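These are my notebook entries on one structure, written down in the order in which I looked things up.

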Amino acid sequence: MRLRSGSRSGALRRLVRVIAHRVASAIGDVEAFFALQAQRCADLGIDVADLPIGHVAHRSRTWREYVATRDELERVASANVENVWNGRPISKLLLEQPVAVSERHEVELLELIPPFHQRVYRMGLEHVGFVVGDAFDTFVETHRRVLTGQQFQGPFNSPVYILFDDYTHVKFHRMSLADVCAAEGRPISGFQHVDWQPADELAGPYAVW
């Protein structure tokens, strides 16, 4: 039986609520995290109101936690791509429906990162990635004074970032993470996992909460 338009709208709203609830259960309050990072940007003179969110990143303390979080989020995702970066897999999950975090912002892509050992990282919700687009070079020049640094993650991805006192970040990209994956020949389509296993599933990094 075909659903009437109003019924479809109601079903979609229910689906969005389910996705938002499951995301919050898996990785925490994304809306509150976004509000905090957006206010910190404003305090530094960066208005993110017109910058779309490319992704939000979450770091797991152990490999076992990462797998459990990935599997939970895949229940409300339409696609996932997992690839090895810096010696361990990282997942990018495209939600079945985006989750609103403000009147002008929504999150469609989540990046899940398992433990790493080379420096101190914030566990849990760790950074928001904004997409600046063609104005990226001007943005960098304008806000150079408050930027912490720049990462060089390949020919298509060299974001600038700000590191805050609690070891969380905001990152500013020329391209969205989804577009970077596509440009690298790894479009987010279907569900893809790498064949990788750590020596100790419960080993954790030097980290802060």
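**Entry 1: salt bridges.** I looked up the salt bridges and found that the structure holds 10 of them, where a salt bridge is a side-chain nitrogen of Lys or Arg within 4 Å of a carboxyl oxygen of Asp or Glu. I noted for myself that side chains of opposite charge can pair when their charged atoms come close. Before going on, I wrote down that this is a predicted model, in which local features need pLDDT of at least 70 and side-chain atom pairs count only at pLDDT 80 or more, while totals for chains, interfaces and linings use all residues. Residues are numbered from 1 along each chain as its sequence is written, and side-chain values use heavy atoms, with hydrogens and water left out.

Entry 2: One of the salt bridges joins the side chains of D166 and R40, at 3.1 Å from N to O. D166 lies in the loop between β8 and β9 and R40 in helix α2 (residues 30-43), so this pair ties together parts that are 126 residues apart in sequence. For these names, helices (H or I, at least four residues) and strands (E, at least two) are DSSP runs, numbered from the N terminus. I also found a salt bridge between R104 and D50, whose closest N and O atoms are 2.3 Å apart. Because R104 sits in the loop between β3 and β4 and D50 in the loop between α2 and β1, the pair ties together parts that are 54 residues apart in sequence.

**Entry 3: how exposed these residues are.** R40 has 21% relative accessibility and so counts as partly exposed, while R104 and D50 are exposed.

**Entry 4: a network.** R22, E72 and R75 are linked in a network of salt bridges, and within it the side chains of E72 and R75 meet at 3.3 Å, N to O. E72 is partly exposed at 25%, whereas R75 is exposed, with a relative accessible area of 53%.

**Entry 5: around strand β9.** Y167, in the loop between β8 (160-163) and β9, has a positive phi near 70 degrees although it is not a glycine.

**Entry 6: paired strands.** I then followed β2 into β3, which run antiparallel and are joined by 8 bridges; strands pair if DSSP finds at least two bridges between them. They form a hairpin with 2 residues between them, and N86 in the turn has a positive phi of about 55 degrees. W85 has R88 in β3 as its bridge partner. β3 also pairs with β4 in the antiparallel sense over 6 bridges, and the hairpin between these two strands passes through 5 residues.

Definitions and conventions
Buried means under 20% relative accessible area, exposed over 50%, partly exposed in between (1.4 Å probe, protein chains only).
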